[in-house]
Amino acid sequence: MYALVDCNSFYASCEQIFRPDLRGQPVVVLSNNDGCIVARSKEAKNLGIPDLQAFF
């Protein structure tokens with residue numbers, strides 16, 4: 001049995017759930033090692049913030 005689960009913006013959505021002050025705000029989640037954007041909220045996507053880019 002195989003399952004494919006698409007967790008679009010999962011980590012950003014979790015941050016917005018546990019931090020209500022972030023709801024409706026653009027949220028990006030960075031990786032630990034190189035600081036690349038690994039998850040974006042819908043608001044961040046609407047601003048045109050690219051995925052998997054280094055954030056400096």
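A search of the whole structure finds one aromatic pair. The rings of Phe10 and Tyr11 have centres 5.4 Å apart and planes at 70 degrees, so this pair is edge-to-face (ring centres of Phe, Tyr or the six-membered ring of Trp within 6.5 Å; planes under 30 degrees apart are stacked, over 60 edge-to-face, the rest tilted). The model is predicted: local features need pLDDT of at least 70 and side-chain atom pairs pLDDT 80 or more, while totals for chains, interfaces and linings use all residues. Residues are numbered from 1 along each chain as its sequence is written, and side-chain values use heavy atoms, leaving out hydrogens and water.

**Accessibility of the aromatic pair**
- Phe10 is partly exposed at 43% relative accessibility, and Tyr11 is exposed at 54% (buried is under 20% relative accessible area, exposed over 50%, partly exposed in between; 1.4 Å probe, protein chains only).

**Gln16**
- Gln16 lies in helix α1, residues 10-18 (a DSSP run of H or I, at least four residues, numbered from the N terminus).
- Gln16 is buried, with a relative accessible area of 13%.
- Leaving aside residues up to four places away in sequence, Gln16 touches several residues, including Leu22, Val27 and Glu43 (heavy atoms within 4.5 Å).
- Between Gln16 and Pro26, ten residues apart along the chain, the C-alpha separation is 9.7 Å.

**Salt bridge**
- The whole structure holds one salt bridge (side-chain nitrogen of Lys or Arg within 4 Å of a carboxyl oxygen of Asp or Glu).
- It joins the side chains of Arg19 and Asp21, at 3.0 Å from N to O.
- Arg19 is partly exposed at 40%, whereas Asp21 is exposed at 52%.

Methods
Helix = DSSP H or I, 4+ residues; strand = E, 2+ residues; numbered from the N terminus.
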